[in-house]
Amino acid sequence: MEQKKKVLFVATVVKTHINTFHLPFLKMFKEYGWEVHVAAKNDFVDEPCIIPACDQHFDIDFARSPFSKSNIAAYKQLKQIIATNHYDIIHCHTPVAGVLTRFAARNAKGTTVIYTAHGFHFYQGAPLINWLIFYPVERFCASFTDKLITINKEDYNRAKKWKLCHKGKVYYVPGVGVDLEKIQKIKINKIEKKKEIGITDDIKIILSVGELNKNKNHEVIIRALSKINNKNFIYLICGKGELKDQLQNLAAELGIGDKVKLLGYRKDVLEICKVADLFVFPSKREGLPVSLIEAIACGANCLASDVRGNRDLLSSDNLCKSNDEDEWIKLLEKVFCCEIQENRLKDCLLYR
């Protein structure tokens with residue numbers, strides 16, 4: 001009997017990475033008869049860790065910081081797993097997990113090592129420290145990589161100059177994709193959905209999706225919204241994170257505590273996108289953001305920060321500097337002005 005081929009998917013966490021982005025790929029390998037393994041930290045809190053289409057899960061104690069001592073143990077775990085299971089393909093994701101996995105697999109025989117960069121930490125306009133730390137590491141690790149997948153044009157143009165192992169190749173694949181058919185099938189009663197969230201029909205919804213952290217930059221939108229004249233809105237943020245209390249306190253201090261709702265982790269984000277009047281995405285750094293792609297696919301009007309990845313998705317009229325509070329105020333005022341005068345918000349914001 002022919003032995004099944006094996007594939008290992010590696011990422012920092014299960015719930016918010018593997019289960020969010022890669023389940024279709026796990027399912028595909030299973031349908032082709034492969035044995036599918038996953039190595040990632042279990043970040044489920046109050047529910048069991050279930051990974052569909054996965055034959056074996058290795059709970060690896062990855063830390064996001066490259067300087068954490070726990071990554072030494074994670075590297076040793078990976079090396080043992082790879083040596084024991086003899087994978088045909090190893091596909092790694094996320095910066096720390098990607099580096100550790102490629103080091104651990106560098107002497108693996110007969111294994112194709114693939115790394116998908118979901119947005120390098122070094123990019124046009126990135127802090128110098130990012131270039132000093134992450135650029136040399138990623139360029140060096142390319143020599144242990146057979147296939148390097150980038151998801152935006154800036155990363156692709158940079159990485160294709162690097163030398164990969166076994167005459168490997170750099171690919172440009174614009175994101176992990178979204179299920180357009182699924183999105184199109186979602187039919188929402190706008191009044192009922194707003195009522196479910198606790199919003200009356202006459203109130204406009206401004207929506208952001210993303211972790212409550214410094215990079216996602218929700219603070220700049222809260223500050224900008226506190227200064228626009230039209231206060232007929234509720235700002236919803238779907239996501240959880242360490243800055244929850246800080247953002248809620250900031251909104252209260254600026255006098256719009258009743259205008260900001262932190263909804264936490266939601267499974268109905270697409271439904272909320274369908275009823276949102278405006279989607280704002282002020283990140284300081286992105287690869288090619290799935291949440292922005294989904295918002296566009298839902299037909300939402302979108303504004304985003306003028307950073308790598310977002311530029312691949314929106315026209316310049318819809319972009320502004322991530323930390324430029326005054327520029328955000330102008331864009332938001334323009335949106336509300338157009339809506340009040342003409343009630344044709346989509347004419348103001350054209351996305352491609």
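A charge sits over a ring if NZ of Lys or CZ of Arg is within 6 Å of the ring centre and within 35 degrees of the ring normal. In this predicted model, Arg102 meets that description: its charged end sits over the ring of Tyr115, 3.8 Å from the centre.

**Charges over rings**
- Tyr115 carries the charged end of Arg102 over its ring, with 3.8 Å to the ring centre.
- Lys15 has its charged end over the ring of Tyr265, at 4.4 Å from the centre.

**Aromatic pairs**
- The model contains 14 aromatic pairs.
- One of them joins Phe120 and Phe122, which count as stacked because their ring centres are 4.7 Å apart and their planes lie at 10°.
- Phe120 and Phe122 are both buried.
- Phe122 also pairs with Trp162 in a tilted arrangement, 6.2 Å centre to centre with 45° between the planes.
- This second pair connects distant parts of the chain, 40 residues apart: Phe122 belongs to the loop between β5 (112–117) and α4 (128–141), and Trp162 to the loop between α5 (153–159) and β7 (169–172).
- Trp162, like Phe122, is buried.
- Through ring pairs, Phe120, Phe122, Trp131, Tyr135 and Trp162 are linked into a cluster.

**Helix α7**
- Helix α7 spans residues 190–197, and its residues Lys193, Lys194 and Ile197 are buried.
- The buried residues of α7 line one face of the helix, because they fall within an arc of 100° when seen down its axis.
- Lys195 and Glu196 are exposed on the other side of α7.
- At the N-terminal end, Asn189 caps α7 with a side-chain oxygen that lies 3.1 Å from the backbone nitrogen of Ile191.
- After α7 comes Gly198, which has a positive phi near 95°.

**Cysteines**
- The disulfide count is zero.
- A disulfide requires two cysteine sulfur atoms within 2.5 Å.
- Cys92 is buried, at 0% relative accessible area.
- Cys165 also counts as buried, with a relative accessibility of 14%.

How values were computed: Residues are numbered from 1 along each chain as its sequence is written. This is a predicted model: local features need pLDDT of at least 70, side-chain atom pairs count only at pLDDT 80 or more; totals for chains, interfaces and linings use all residues. Side-chain values use heavy atoms; hydrogens and water are left out. Buried means under 20% relative accessible area, exposed over 50%, partly exposed in between (1.4 Å probe, protein chains only). Helices (H or I, at least four residues) and strands (E, at least two) are DSSP runs, numbered from the N terminus. The arc is that of the directions from the helix axis to the C-beta atoms. A polar contact is a pair of N or O atoms within 3.5 Å; within protein, one must be able to donate a hydrogen and the other to accept it, and residues adjacent in sequence count only if both atoms are side-chain atoms. Rings of Phe, Tyr and Trp (its six-membered ring) pair if their centres lie within 6.5 Å; planes under 30 degrees apart count as stacked, over 60 as edge-to-face and the rest as tilted.
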